[in-house]
Amino acid sequence: MTTSMNPIFQPNSIDVLFGPGAGLSTSHAGNKIFVRLVERKKEEYHVSDAEGRKTIVREIVNAVRSLNSPGRFLVRRPVGRCWHEASVAKTFIKINRALEYAYNRCETSDKSSEVNGDYSLEESSIDIKRMTKSLKKKKKSSLSYDSGFEERMADKGKP
């Protein structure tokens, strides 16, 4: 996969736009195709070894690149309003993260619906963000155990 540093002022409709989750990247047609590809491969990815995971990532890259007008993986430049093609490494990292996130989101949603039928996906996303922030704080404080976390969650009625 070659990357081009030439500025891209108008992404194609099937390009995959890497960037913040809210806004253009979630509504872009190419990103919707990408999400469908990830959803189809998340279970297989989860049970695969390292080589199998690399193969799955390559399959997704090839699927995007083999669309009618070949899709690209684009990153917005920090200065200006143009895009450029993501490096191979960044593309693979982003696809790996997307596959992990899709699988974990599915697992979290399944577990939460088993415990509490009215626990919505939006609420589970909020809990994931809260837990991620908590983990980052733990990392900074030498991974000390947060004994109050379970109490806070119990006070909110969540298991």
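The model is predicted, so local features require pLDDT of at least 70 and side-chain atom pairs count only at pLDDT 80 or more, while totals for chains, interfaces and linings use all residues. Residues are numbered from 1 along each chain as its sequence is written, and side-chain values use heavy atoms, with hydrogens and water left out.

I begin with helix H2, residues 29–47. Helices here are DSSP runs of H or I with at least four residues, numbered from the N terminus. H2 has 19 residues and spans 29 Å from first to last C-alpha, close to the expected 27 Å; the expected span is 1.5 Å times one less than the number of residues. A kink of about 50 degrees is centred on Lys41, the bend being the angle between axes fitted to the seven residues ending there and the seven starting there.

Buried residues of H2 include Phe34, Leu37 and Tyr45. Buried means under 20% relative accessible area, exposed over 50%, and partly exposed in between, with a 1.4 Å probe and protein chains only.

I turn to salt bridges, defined as a Lys or Arg side-chain nitrogen within 4 Å of a carboxyl oxygen of Asp or Glu. The count is seven. Glu39 pairs with Lys42 at 2.6 Å between the closest N and O atoms. Glu39 is partly exposed at 29%, whereas Lys42 is buried at 9%. Glu44 bridges to Lys41, with closest N and O atoms 3.4 Å apart; these two residues are three apart in H2, about one helical turn.
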